[in-house]
Amino acid sequence: MKVRARPGQMQDRIKLLARVKSLSHKDIADQIMALFRLRQVPAWRIHGHLGQTPGISDIIGVWPKTGRPSGSRRRPGSIRGQFLAVEVKAGEDKLSEPQEAFLEAVRQAGGLAVVARSLEDVLILWREEEP
């Protein structure tokens with residue numbers, strides 16, 4: 001399922017896709033990326049390939065944070081936020097040991113790490129962390 005729509009239609013598309021049962025890995029990742037584009041969360045899909053470090057999450061990004069520490073200066077166009085790692089799993093897929101280790105390393109370093117079996121898992125994170 002492609003999620004390509006004008007900005008006004010994208011939110012409706014996301015809601016529709018969230019209701020579909022038994023989505024593939026690609027469909028779930030597409031929904032999450034559409035949500036991040038809609039909410040202006042900088043994020044990138046990581047496509048596995050030979051030679052890639054095992055365990056790196058399917059989607060990485062920067063979870064925007066509001067405000068700024070006193071006395072800090074930002075370069076124009078810079079983003080203040082937390083590292084975000086989303087591991088997408090479809091159906092009964094399970095995390096591999098390297099994936100578990102990567103997500104734990106992200107958490108230990110103060111980042112946000114989530115296993116997403118649906119768009120709802122990311123929406124729950126959104127409600128808890130509210131950028």
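User: Which residue in S2 is the bridge partner of Arg 45?
Analyst: That's Ile 59. Keep in mind that this is a predicted model, and then follow Ile 59 onward: in S3, its bridge partner is Val 86.

User: What makes S1 and S2 a pair?
Analyst: Pairing takes at least two bridges between the strands. S1 and S2 have three, in the antiparallel sense, so they qualify. S2 and S3 pass too, with six antiparallel bridges; one example is Gly 61, whose partner in S3 is Leu 84.

User: Why are S1 and S4 called edge strands?
Analyst: Look at how the sheet is laid out. It's an open sheet of four strands in the order S1-S2-S3-S4, with mixed pairing. S1 (43–45) and S4 each pair on one side only, which is what makes them the edges. Neighbouring strands in this sheet are turned by 20° against each other on average, ignoring direction.

User: Which helices pack on the sheet, and which strands do they touch?
Analyst: Helix H3 (residues 97–108) packs there, touching S3 and S4, and its direction makes about 160° with that of S3. H4 packs on the sheet as well, touching S2, S3 and S4, at about 150° to the direction of S4.

User: What makes Gln 31 count as buried?
Analyst: The cut-off is under 20% relative accessible area. Gln 31 comes in at 1%, so it counts as buried. This residue sits in helix H2.

User: Why is H2 described as largely enclosed?
Analyst: Count its residues: 10 of the 14 are buried, so the rest of the structure largely encloses H2. Among the buried ones are Asp 27, Ile 28, Met 33 and Phe 36.

User: What describes the packing of H2 and H4?
Analyst: An angle of about 35° and a distance of 9 Å between the axes. From H2, Gln 31, Ile 32, Leu 35 and Phe 36 meet Leu 119, Val 122, Leu 123 and Trp 126 of H4. Sorted by class, that contact has seven nonpolar residues, one polar and no charged ones.

User: Which residues have the most contacts inside the largest nonpolar core?
Analyst: Ile 32, Phe 36, Ile 59, Leu 84 and Val 86, in a core of 23 residues. Two or more residues come from each of H2 (25–38), S2 (59–64), S3 (81–88), S4 (112–116) and H4 (119–129). H2 gives the largest share, six residues.

User: What does Phe 36 touch?
Analyst: Leaving out residues up to four places away in sequence, its contacts are Val 41, Ala 43, Ile 59, Trp 63, Leu 84, Val 86, Val 122 and Trp 126.

Definitions and conventions. Residues are numbered from 1 along each chain as its sequence is written. This is a predicted model: local features need pLDDT of at least 70, side-chain atom pairs count only at pLDDT 80 or more; totals for chains, interfaces and linings use all residues. Side-chain values use heavy atoms; hydrogens and water are left out. A nonpolar core is a set of buried Ala, Val, Leu, Ile, Met, Phe, Trp, Tyr and Cys residues joined through side-chain atoms within 4.5 Å. Buried means under 20% relative accessible area, exposed over 50%, partly exposed in between (1.4 Å probe, protein chains only). Contact means heavy atoms within 4.5 Å. Axes are lines fitted to C-alpha atoms, for helices over the stretch in contact, and angles run from 0 to 180 degrees between N-to-C directions. Ala, Val, Leu, Ile, Met, Phe, Trp, Tyr, Cys and Pro count as nonpolar, Asp, Glu, Lys and Arg as charged, and the others, Gly among them, as polar.
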